[in-house]
Protein chains: 4
Amino acid sequence: MNQGQKLGGKREAIIQAALQVFSEKGYHNARMEEVATVAGIGKGTIYEYFDSKLQLFQAVLENSIKVYYDSIILEENPSLSFEERLRRLIHSHVCFSQENRQLTRIVFWDTEIMDSELKDWFMSIRKEKEEQMINIIRQSIKKGELRDIDPCLLSIMLEGVVASLWGPITLDNWDMDAAELASSITDMIMRGIAAQ
Amino acid sequence: MNQGQKLGGKREAIIQAALQVFSEKGYHNARMEEVATVAGIGKGTIYEYFDSKLQLFQAVLENSIKVYYDSIILEENPSLSFEERLRRLIHSHVCFSQENRQLTRIVFWDTEIMDSELKDWFMSIRKEKEEQMINIIRQSIKKGELRDIDPCLLSIMLEGVVASLWGPITLDNWDMDAAELASSITDMIMRGIAAQ
Amino acid sequence: MNQGQKLGGKREAIIQAALQVFSEKGYHNARMEEVATVAGIGKGTIYEYFDSKLQLFQAVLENSIKVYYDSIILEENPSLSFEERLRRLIHSHVCFSQENRQLTRIVFWDTEIMDSELKDWFMSIRKEKEEQMINIIRQSIKKGELRDIDPCLLSIMLEGVVASLWGPITLDNWDMDAAELASSITDMIMRGIAAQ
Amino acid sequence: MNQGQKLGGKREAIIQAALQVFSEKGYHNARMEEVATVAGIGKGTIYEYFDSKLQLFQAVLENSIKVYYDSIILEENPSLSFEERLRRLIHSHVCFSQENRQLTRIVFWDTEIMDSELKDWFMSIRKEKEEQMINIIRQSIKKGELRDIDPCLLSIMLEGVVASLWGPITLDNWDMDAAELASSITDMIMRGIAAQ
DNA sequence: TATGAATGAGCATTCATTCAT
DNA sequence: GATGAATGAATGCTCATTCAT
């Protein structure tokens, strides 16, 4: 018997069920019993795989963050222009958000639940991605693609712009094309909004 | 039940205590008894002024939102350039965030608790401010101050940029000057980040 | 100023208000505040006249019992036949019940609330009335008006018959004439229900 | 929620414990914790079987009423005389009351707690038994066993007489023989109390 | 005397977690 | 391993009672 596989499959099923329930109800209103029901297993079984509700949530969060960052293209390829990279980043974020509304919310909004250990881990991942972004910005400035702006500030702003799209996207009456949206935003960021 | 007509600053004191406790612990981990203790009153007294924990939270939220929007300058004055208006908006937001860290978090992040009535009220306020912003953008486009961009999209992006500042601001090691920060951001938004 | 009168009047008003509220809601669901409101006074004032909710209820009960027994004719007049006395007793009970539905319920049904002291007092009053009834029965047996039956048992049964009328009377669709009802019941009790 | 389908005698044990506690303290003064303690289980376990205190009480009441009516013989057998039937009815009631003092009280006196649904159910059972009794009375009148009296009125009176016995029976100093008591009462009812 | 704002003991109920099967 | 019946700590809320005005 392939125990590892068996374990892994059930663990995964629990995480998927928990993702669904946590997304619908939020952490505090979600009940372990409902997670078990959705996963099609008994209540006690969850505790074979996770020590507590908090740890289960954090596993969900960890998983979601991984899935998110795996799907986001932050191309290191130096042959691409910064503008093209930015467009692709925004495009992949919009596509992801449209396809994983609940998951996006957990990644971006339900971070208050995290204990300090997870928070550190989460921050370190964000930091890593931020550093990556900052590096790309720095190189682009050197190459003369970008003006001499504060790379940190730009990085923060870009994150804000990207995050702000989740609201309108989840409100189902927004039928904007992802590619077009990415282009519009990229254009605004690159060339600014002032006339001329 | 509670017409909220009772005399004193006691209602206000409860709201302040609740703001503190809710901010520290979050809605679900906050205990009514702690709110009472912080307010320096008995547990039952809260219920003389608020019908339930939820209503108390919503009163806090309502109050916070009012305070926030009262402090944010969104100048209608048409003699000012759009750039100047934007700079002032960001500047007042940054100042507010620096002085009311907890409050900012409640206004921007803890909205999942709201019941539908409050949500509607909250959305209507946001909508109103958004409309205001969109109008200003439209006029500025007409006047030739801004390029012909999508006003709605810009409005959403600006909100995202502004919201994204809260994280770094509340992390206490960020010692940026509000005025300088506002100018930098405004400049980036107006002129874009591309070279030339 | 006639203080005694003033006191008495307010005390009486509280008892009347309490009677109404206790009757409608029952002891445990009645709230002191509502009693005060109905009495047109402040909550604290009740405690100027009664030490506690329980004592107020007991005052109401005491009052109700007095009013009840005062209105019930249990004629000692030996020139009347037992049958006539019984008819008058039932008639006055029916009339009282029709006019004081709430009060009757309190006297007959809400006795579980009483503390032991009040219970003793209440039982002693009942006992007294019962003794009176038993005496009348004994005399009537001696006089040859009644068969040689157990006076205690008859007394209990009569109380049961009388009490059983409260239900149908308070269900408002019972439009029986009090005098006729009293006659029918008396006849049944006196002559039995067997044919011949 | 609670389909009441769980296995064990545990549900029954809770009802028995609740019967005891409710009888001793009355509904409002009974505490769920005491019910749990008496049942020898944890507080939360009660809620595995009953949704609320009220539903537990109603289950107790329902159970008690069933037990009562199951034990009361209201013979339809037409070969028996009305007098014999009445004697058996009273006899079974007295026996039941002596053996289930607390339960009798709940069935006859604590009906104010019932919600309207249970009240309807309870009333319909009472109505059914009353109809049965009224029919027997009617037939007996037709057969010439009884005088031409109002069947409804007699039914009510009999209920009153039967109920009135509970008081003396539960006061422990009443040591009357059930059979003898039933005979005495039946005799009084049948032949009346007047001499000759 | 009259008031009603303030109080806090008391209790029903929830739900994460355990553990015997 | 898997289960779900059992548990009890935790907490929102009520309302009789007090007491400063």
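1. Chain C brings 30 residues and chain D 31 residues to their contact, two residues being in contact if their C-beta atoms, placed from the backbone, lie within 7 Å. On the side of chain C that touches chain D, α8 (151-164) and α10 (178-191) of chain C each supply at least two residues; α8(C) gives the most, with nine residues. Helices are DSSP runs (H or I, at least four residues; strands are E, at least two), numbered from the N terminus.

2. By class, this side of chain C holds 17 nonpolar, seven polar and six charged residues. Ala, Val, Leu, Ile, Met, Phe, Trp, Tyr, Cys and Pro count as nonpolar, Asp, Glu, Lys and Arg as charged, and the others, Gly among them, as polar.

3. The model is predicted: local features need pLDDT of at least 70 and side-chain atom pairs count only at pLDDT 80 or more, whereas totals for chains, interfaces and linings use all residues. Residues are numbered from 1 along each chain as its sequence is written, while chains are lettered from A and ligands numbered from 1 in the order in which they are written.

4. Between chains A and B, 31 residues of chain A are in contact with 31 residues of chain B. The largest share of the chain A side, nine residues, comes from α8(A). That side divides into 18 nonpolar, seven polar and six charged residues.

5. The surface near DNA strand E has six nonpolar, eleven polar and 15 charged residues.
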